[in-house]
Amino acid sequence: MAAAGGSEIFYGGIPVFRGFARLMEPSLYSPLPDDWTIGVADIVESTKAIAAQRYKAVNMAGAAVIAAVTNALQGREFPFVFGGDGASFAVAPADLDAAREALAATAIWVRDDLDLIMRVALVPMKDIRQQGLDVRVARFGPSANLSYAMFSGGGLGFAEAAMKRGEFAVAPAPPGTQPDLSGLSCRFEEIPSARGVILAVLVVPAKGGDPRAFRKAIEEVIALAERSPDAGRPVPSDGPALRWPPQGLDFEARTRRGGPLFARRVLVLAVTLWVATIMRFGIRIGRFVPQDYMRQVVENSDFRKYDDGLRMILDCSEELAQALAEGLAQAAANGVVRYGLHRQDAAMMTCFTPSAMRSDHVHFIDGARGGYASAATALKTMPT
C-alpha cells in the first residue's frame, strides 16, 4: 500500500519473514514506539449473534474496522489483525485522529446497518507498558503479494480487557455517520471442507506458565498443521466459488455511501453481475487478469495468525483434528496453554480489495458456523 509518513516509518521498516513455522522466534518481533496507540474493537455478545446464525454480519463488522482505518489513513501501511468478531491494530501519532474518527464511524455503522453493538477503544502504549506488558510486531509474508502483522508481548490482551471494562472507550459517531468502507465485500460463497472438518483453533498462554514451554507447544501445533496439504489452507487452489447474486449482496450494499438502500442494492447487483461474468469467462480488462486475481485470492487468504495467541482456521482430516485436540489437552493439563477448538463444515471469506489492479488485496478467513468466536467461547470455559 502507499508509503507516506507516520505509520510507514516504523512498520514499513520491519523485515518480512517467510515460513509460518518461524512464528515464535523472538528476533522477528520489534517493539512498538512509545508514542503509538493500540486500537481494539469487538462485538458485544457475539455469541448470541452467532447462535442466531449471523456469522456474516459478525465477520463483516470485524473486517469493517480494518477497511475503515485503512481508508482513513489513505492506504498507509499499519499493523492490524482480524479476530473474527473484531479487530486490533496499531497507529502512529500522526494517524491517531483519523483512526479515532474511523472507529467512531464504524461503531455507529455497525449499530445502524448491522444491528450489532461494537465496542471500540484506543489504548496508548505508555499505559500498556506501565502494566509491565509490551506490544511487539512482526510481518509474516504468506506470499510475494503482501504481509500480515503478528503481535506478541501481552499488550493486546490488556487492551482488549480494558476495553471490555469500559476504559479508553471511543464514543460512537452521530447516528447516520458512514465510514469509508470502499473495497469491503463478501461476494464469495461459503467454502466447504475438502478434507473432513473446518477447525477453528485458538491457543493462548496459561497464566503463570513457562514462556519457553508455550513456545514449544505452539511450534508443535504448527508442525502438526503443516502435515495437512497446503498447511490446512481452507481455500481451494482454484479459489472459492463465485455465484450471482452473491450471498453478501445486502452487506455490500450497506457499505456504500449515499442514496436509499434499495438503489445501493441495485447498483451492487449490477456491479457483481459484471464481475461474475468477467471471472467466469476469464475476460481480461486492461491490466486485470481474472486468473491472476484468483490466484492472489488464494495466496493472500489470512487463515492463520498470532496476536498474543495462535489463531488458525484449518481444513483438515478428522484424524489431524483429533491429534491437535489431544496435544492441546495435554499442554493445558501441564499448565502451559489455554485453548478453544470449534469444528464446522465450512469456512467463509470476507474481502478487502481497495484496488483489483494491485496484488495486495486481503481476504479474511473464518469458520462459517461460529469460527473464532465459538473457539473463544470454548476457551473461556477452561480454568485460568
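Helix α3 passes helix α4 in a right-handed crossing, the near helix being turned clockwise from the far one by less than a right angle. The model is predicted: local features need pLDDT of at least 70, side-chain atom pairs count only at pLDDT 80 or more, and totals for chains, interfaces and linings use all residues. Residues are numbered from 1 along each chain as its sequence is written, and side-chain values use heavy atoms, leaving out hydrogens and water.

Two packed helices are described by the angle between their axes and the distance between the axes. For α3 (residues 55-72) and α4 (residues 96-114) the angle is about 150° and the axes are 9 Å apart. Axes are lines fitted to C-alpha atoms, for helices over the stretch in contact, and angles run from 0 to 180 degrees between N-to-C directions. Helices (H or I, at least four residues) and strands (E, at least two) are DSSP runs, numbered from the N terminus. The angle makes α3 roughly antiparallel to α4, a label for angles over 145 degrees.

In this contact (heavy atoms within 4.5 Å), α3 contributes residues including Met-60, Val-65 and Val-69, and α4 contributes residues including Leu-103, Thr-106 and Trp-109. The contact residues divide into 15 nonpolar, one polar and no charged. Here Ala, Val, Leu, Ile, Met, Phe, Trp, Tyr, Cys and Pro count as nonpolar, Asp, Glu, Lys and Arg as charged, and the others, Gly among them, as polar.

α4 also lies across β3, β5 and β6, running at about 165° to β6. These strands belong to an open sheet of four strands in the order β4-β5-β3-β6, with antiparallel pairing; two strands pair if DSSP finds at least two bridges between them. β4 (80-82) and β6 (118-124) stand at the edges with a single partner strand each, so one side of each has no neighbour in the sheet. Neighbouring strands are turned by 10° against each other on average, direction ignored. Six bridges join β3 (residues 37-43) to β5 (residues 86-91), and Gly-39 has Phe-89 in β5 as its bridge partner.

A further open sheet of four strands has the order β13-β14-β11-β15, with antiparallel pairing. Its edges are β13 (304-306) and β15 (337-344), each with a single partner strand. Seven bridges join β11 (residues 197-205) to β14 (residues 310-316), and Leu-199 stands opposite Leu-314 in β14.

Helix α7 (residues 211-226) lies across β11, β13, β14 and β15, at about 20° to β14. Helix α11 (residues 318-333) packs on the sheet too, touching β11, β14 and β15, and its direction makes about 160° with that of β15.

Terms used:
Angles under 35 degrees count as roughly parallel, over 145 as roughly antiparallel, 65 to 115 as roughly perpendicular and the rest as oblique.
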